[in-house]
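Here's a quick tour of one model, written for someone who likes to know the cut-offs. Have a look at the structure first, then read on.

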Amino acid sequence: MRTAVVTGASRGLGLALARSLADRGWRLVIDARGAADLAAMADELGNRTDVVAVAGDVGDEDHRKALIDAVGGGRLDLLVNNASLLGPSPQPRLAEYDLDTLEQVFQVNVFGPLRLTQLALPLLRASAGHIINVTSDAAVEGYEGWGGYGSSKAAFEQWSRVLAAEEPAVRVWWVDPGDMNTRMHQEAFPGEDISDRQPPEAVVPALLELIDRDPPSGRYQAADLLQPQPVPA
């Protein structure tokens with residue numbers, strides 16, 4: 001039975017991916033900050049596969065160690081660094097961004113997933129496993145008001161790029177899912193109608209395509225992964 005650790009799995013893309021992996025028979029270790037929501041999702045997923053739910057914040061070292069301990073010392077095939085922190089809503093311009101708050105954003109979006117990856121690497125090396133780091137177009141574009149979140153995702157992408165070069169036995173994919181109709185996206189645009197954005201379930205096939213096709217480490221956009229693959233001549 002393949003095992004995946006999926007962070008931020010109580011809602012949004014993390015939950016949608018966890019559901020699909022459960023349907024494929026994967027064993028899951030999932031987390032989220034909201035204990036009640038996570039417990040409800042664990043009950044649902046537990047009807048499909050073996051699930052261990054560990055409530056907590058990826059910015060906390062004890063929680064990160066608990067996630068890896070929950071793997072049970074066995075095989076780990078996939079780590080999905082999906083948990084993320086937007087920061088203030090509405091998002092402030094950089095000129096007014098409180099640095100203590102920005103430090104919290106970096107703790108969750110950059111340092112937390114890197115440390116969790118460090119803890120997971122011995123298991124991932126042993127299984128020639130995979131890492132999916134969920135990023136954003138805000139990491140590469142200069143959107144007004146997205147300086148805090150965007151700069152954290154830019155740092156996230158850079159350590160992903162370096163890790164891919166340093167760990168050739170492990171696949172490292174950093175994936176831009178595109179705009180989605182999620183609670184975090186709504187918080188980024190308070191008061192706006194985001195019902196035209198795609199549901200996170202529409203992005204999951206792109207992530208499964210990565211797992212199934214096993215392309216080289218690198219940056220991928222979900223929309224590109226969902227395009228038909230060329231047939232070899």
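## Salt bridges

A salt bridge here is a side-chain nitrogen of Lys or Arg within 4 Å of a carboxyl oxygen of Asp or Glu. By that rule, the count comes to 16 salt bridges. This is a predicted model, so local features need pLDDT of at least 70 and side-chain atom pairs count only at pLDDT 80 or more, while totals for chains, interfaces and linings use all residues. Residues are numbered from 1 along each chain as its sequence is written, and side-chain values use heavy atoms, with hydrogens and water left out.

Take D77 and R75: their side chains meet at 2.5 Å, N to O. D77 is buried at 6% relative accessibility, whereas R75 is partly exposed at 48% (buried means under 20% relative accessible area, exposed over 50%, partly exposed in between, with a 1.4 Å probe and protein chains only). D196 and R197 also pair up, with the closest N and O atoms 3.0 Å apart; here D196 is exposed at 63% and R197 is buried at 18%.

E44 and R48 form another salt bridge, at 2.9 Å between the closest N and O atoms. E44 is partly exposed at 21%, and R48 is partly exposed at 35%. A network of salt bridges links R19, D23, E44 and R48.

## The sheet

Seven strands make an open sheet with parallel pairing, in the order β3-β2-β1-β4-β5-β6-β7. (Strands are DSSP E runs of at least two residues, helices are H or I runs of at least four, and both are numbered from the N terminus; two strands pair if DSSP finds at least two bridges between them.) At the edges stand β3 (51–55) and β7 (218–221), each with a single partner strand, so one side of each has no neighbour in the sheet.

Strand β2 (residues 27–32) runs parallel to β3, and five bridges join them. I30 has A53 in β3 as its bridge partner.

## Two helices together

Helix α3 (residues 61–71) and helix α4 (residues 99–127) pack at about 35°, with axes 10 Å apart. Axes are lines fitted to C-alpha atoms, for helices over the stretch in contact, and angles run from 0 to 180 degrees between N-to-C directions.

The contact (heavy atoms within 4.5 Å) involves residues including L67 and I68 of α3 and L116 and L119 of α4.
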